[in-house]
Amino acid sequence: MENTRQNTGRTGNEYIINIEHLNKQFLVDKQPIEVLRDINLQVKKGEFITIVGHSGCGKSTLLKIMCGLVSYEDGTVERNGHAVAGPGPKCGMVFQDHRLLPWLKIKDNVGFGLRHLSKEEKEQQVKEHLELVGLKDFANSYPSQLSGGMSQRAAIARGLANKPTILLLDEPFGALDALTRIQMQKEILRIQEEQGTTMVMITHDIDEAIYLGNRIVVMSARPGEIKEIIKTDPVESKKRDSILFAKYKKKIYDYFFEDTEEEHDVAYVI
Amino acid sequence: MKTGKYILVALIVPVIILVLWYIATTFGSLPASILPGQQMVGNAFIEMTSNGQLQGDLMISLVRVVKGFLASAITGVFLGSVMGMSSKMQNLLLPTITVIRQIPMVAWIPLIILWSGIGESSKVIIIMIAAVFPILVNTLSGIESTPDGYAEVARLYKLGKWKTFTKVYLPHALPQILVGLKLGLGVSWMAVVASELIAASTGIGYRMNEARSLMKSDKVIVCMIVIGLIGIIMDKLISLLFNQFTPWVNLQKNSK
Ligand SMILES: Nc1ncnc2c1ncn2[C@@H]1O[C@H](COP(=O)(O)OP(=O)(O)OP(=O)(O)O)[C@@H](O)[C@H]1O
Ligand SMILES: [Mg+2]
């Protein structure tokens, strides 16, 4: 089912996502704009990867390349061992603005991608995933009747409904208040544990990146390069007041500070 | 309550008009052929309905409206969708359509009569010309205003072009298509009366014109009132129907 170019023929593909030497340019007014430079990233099964970086550094573009919504010309991008050539059911996506279709009830939104299943199977899948995100009482509501957090949960249910091996999340909690956000973070961890889905999440919240990520990908400002991939301690990173947590936080802050300082210098000269 | 108050306020102006009318015809010196009394109009109404003439005329006009409206609804939604989904088709058709739209509906009537006489088909064609544009323009704008993000969702789930249209663009455009249909129906009703006034041997517009030539101003006024009422009834009916088709729209309004 997965839309792929062709098997690259390599063996030992233990990676769900394998990106090597990926470069990406966009043409704006026929001028090439470099967005991503020499990205190398391997995502193992069951991992939770978080990505942080300046606004406009190409995080969304990277995620869309992973799921096949944006094409790439230069480098290798493999999903489940095959070169990515388009979207496929094994790869789910949750957008920043939940993008539930306003004209469909929540259950139909969650089942939107389940066209290949029989009616009973589909109903079963939808029910299961609504329960998973705690929305089973809202199956017949419309998106406009849901709060922001509930909408995001519905979007996560839609992303998981066809049982993808990997779920990509593009700042899914960006629009939520601090309390709801923390609650959603716990929820997404629980879901990941229950389903064993590999997850890659973009966030602009450094605490969130540390709390959720087994590894944190820190990106530089445009053109986006990976500055470092920080491996977190599985226990300490779940305690927001631990010393290690503060250490990670400082490390990531320092990376951003570097960039801002450079920008300040430029601003000063001008 | 609130709606009761609303109705009361809405009734103030009509009551003033009725009173002024009453004063003018009772104490003024206007001849009845210019402005008949309310009693006369009432009698004319009873006369026209008891011999079935009014109902017959209305039926004929309404059938024309239904035919013309359905034809323009199908054409307008089809062309609007095609132009909304394909920029090539839009570039091909929109300039011509924009120019044609500038010609007022009544200005078509002479040519249409030359081409197809004063029979049924000419009425239906005139209604079509009048009603197709609001429907087309609203369909087009509803399709075009679909956020790219929704189309991206369709792409993510690998919907084909037709499915993307039926599952994403069309439902997004539906509320606006309904607005277009509502406008179109109103225009259809106006168009049928106008075309019957100018060239017809049946229908409510024809009856009005005939009454005018016989100096029966009471009958003219009966026809005018009935035309206005039917217009409002059609408008309300179609609004009711539409809420059934787009249950999510009013929810959004209420939640804001
Ligand atoms: N389809 C496109 N065509 C041209 N340029 C694009 C396109 N998509 C993105 N860009 C440009 O690529 C750069 C990276 O965009 P992207 O959305 O990936 O950034 P981001 O890191 O997700 O930013 P944010 O944190 O604000 O969401 C931006 O400068 C953007 O203007
Ligand atoms: Mg982004």
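Start with the interface of chain B and chain A: in this predicted model, 8 residue pairs are in polar contact across it, both partners having pLDDT 80 or more. To see which parts of chain B are involved, color its helices H7 (148–156), H8 (161–198) and H11 (247–255), the elements that each give two or more residues to the side touching chain A. Which of them gives the most? It is H7(B), with 7 residues. By class, this side of chain B has 11 nonpolar, 4 polar and 4 charged residues.

Now show both partners together. On chain B, 19 residues are in contact with 23 residues of chain A. The two chains bury about 2100 Å² between them, and carbon and sulfur atoms give 66% of that area. Select B:Leu156, B:Tyr157 and B:Lys158 next: this trio supplies 32% of the area that chain B buries against chain A, more than any other three residues.

Stay at the interface for its charged pairs. How many salt bridges does the rule find across it? There are 2. To view one of them, select B:Glu152 and A:Lys64, whose side chains meet with an N to O distance of 3.3 Å.

**Over to ligand 1**

Next, center the view on ligand 1. There are 13 residues around this ligand, and those that come nearest are A:Ser55, A:Gly56, A:Lys59, A:Ser60 and A:Thr61. Sorted by class, the shell holds 4 nonpolar, 6 polar and 3 charged residues.

At A:Gly56, a polar backbone atom is 2.7 Å from an oxygen atom of the ligand. At A:Lys59, the side chain takes part instead: one of its polar atoms lies 2.8 Å from a ligand oxygen. Then pick A:Glu171, where an N or O atom of the side chain is 3.4 Å from an oxygen atom of ligand 1.

How much of the ligand does the protein cover? On its own, ligand 1 has 640 Å² of accessible area, and the protein covers 61% of that. Helix H1(A) gives the most, with 3 residues.

Select A:Arg215 and A:Glu47 and zoom in. Their side chains meet in a salt bridge, 2.6 Å from N to O. Over all chains, the count of salt bridges comes to 21.

For the last stop, go to A:Leu104. You will find this residue in the loop between strand E7 (91–94) and helix H2 (106–110) of chain A. Which residues is A:Leu104 in contact with, leaving aside its neighbours within four places in sequence? Show A:Asn109, A:Phe112, A:Tyr142 and A:Pro143 to see them. Finally, draw a line from the C-alpha atom of A:Leu104 to that of A:Pro223: these two residues are 119 residues apart along the chain, and the atoms are separated by 39 Å.

Terms used. Residues numbered from 1 in each chain as written. Chains lettered and ligands numbered in written order. Predicted model: local features only at pLDDT ≥ 70, side-chain atom pairs only at ≥ 80, totals over all residues. Heavy atoms only, no water. Near = heavy atom within 4 Å. Polar contact = N/O pair within 3.5 Å; in protein donor to acceptor, adjacent residues only side chain to side chain. Areas by Shrake-Rupley, 256 points an atom, 1.4 Å probe, with all protein chains shown as cover. Helix = DSSP H or I, 4+ residues; strand = E, 2+ residues; numbered from the N terminus. Nonpolar A, V, L, I, M, F, W, Y, C, P; charged D, E, K, R; others polar. Contact = heavy atoms within 4.5 Å. Buried area = accessible area lost by both parts, 1.4 Å probe. Salt bridge = Lys/Arg side-chain N within 4 Å of Asp/Glu carboxyl O.
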